[in-house]
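Here are some notes to read with the model open beside you. Please take the points in order and find each element in the structure as you go.

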Amino acid sequence: NILVTGAGGSVGSELVRQVLRQKPACLVLLDMSEPALFAIELEALEIAEKMPALHRPRIISVLGSVLDAQVVKDAITNYRIATIYHAAAYKHVPMVEHNAGVGLMNNIFGTEIVADAALAHGVENFVLISTDKAVSPTNVMGASKRLSELVLQARASQNPSTVFTMVRFGNVLD
């Protein structure tokens with residue numbers, strides 16, 4: 001059972017498409033944007049409908065924020081999540097520059113909340129989707145993602161039962 005945070009975003013929605021190809025038992029889509037979540041849910045259901053019944057995953061949509069610890073906990077525990085792809089983040093540099101507090105809160109504390117829930121509830125694998133802008137950051141968005149990486153490294157040193165990994169994406173989609 002797999003959870004994708006930020007499932008309605010550009011990176012999250014592509015992860016949903018890729019994960020579906022791996023035939024999970026259950027795919028949980030978490031996003032705070034109702035229109036984005038609705039769109040990726042429809043697409044995921046359409047993809048799943050074309051799969052043989054034996055390999056057709058349950059698709060569950062959860063409308064909520066990674067900053068809401070209860071929503072995150074419920075998604076993990078209700079669907080017995082084994083792997084989390086954490087793509088939920090504000091990634092547009094100019095937008096985060098003009099809304100630094102919100103960007104920092106969402107990107108850093110959202111990662112911390114999801115990572116802590118993963119640890120607390122026995123998630124096997126946690127993959128942080130970071131950015132190439134986290135390397136020697138020159139803007140708030142890059143710094144927030146670098147700090148998110150440091151949060152993940154700290155959690156990885158605390159508990160070997162959850163495998164924490166991260167990947168840095170650049171502008172590679174489309």
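**Notes on helix packing and the sheet**

1. In this predicted model, helix 5 (residues 100–120) packs with helix 6 (residues 140–158) at an angle of about 15°, and their axes are 9 Å apart. Because angles under 35 degrees count as roughly parallel, helix 5 is described as roughly parallel to helix 6. The crossing of helix 5 and helix 6 is right-handed.

2. Which residues make this contact? On the side of helix 5 they include Gly103, Leu104, Ile108 and Ala115, while those of helix 6 include Ser144, Leu147, Val151 and Leu152. Sorted by class, the contact of helix 5 with helix 6 has 10 nonpolar, 6 polar and 4 charged residues.

3. The sheet is open and is formed by 6 strands in the order 3-2-1-4-5-6, with parallel pairing. At its edges lie strand 3 (58–63) and strand 6 (163–169), each of which pairs on one side only. Neighbouring strands of the sheet are turned against each other by 15° on average, direction ignored.

4. Within the sheet, strand 1 (residues 2–5) and strand 4 (residues 83–86) run parallel and are joined by 4 bridges.

How values were computed. Residues are numbered from 1 along each chain as its sequence is written. This is a predicted model: local features need pLDDT of at least 70, side-chain atom pairs count only at pLDDT 80 or more; totals for chains, interfaces and linings use all residues. Side-chain values use heavy atoms; hydrogens and water are left out. Axes are lines fitted to C-alpha atoms, for helices over the stretch in contact, and angles run from 0 to 180 degrees between N-to-C directions. Helices (H or I, at least four residues) and strands (E, at least two) are DSSP runs, numbered from the N terminus. Angles under 35 degrees count as roughly parallel, over 145 as roughly antiparallel, 65 to 115 as roughly perpendicular and the rest as oblique. A crossing is left-handed if the near helix is turned anticlockwise from the far one by less than a right angle, and right-handed if clockwise. Contact means heavy atoms within 4.5 Å. Ala, Val, Leu, Ile, Met, Phe, Trp, Tyr, Cys and Pro count as nonpolar, Asp, Glu, Lys and Arg as charged, and the others, Gly among them, as polar. Two strands pair if DSSP finds at least two bridges between them.
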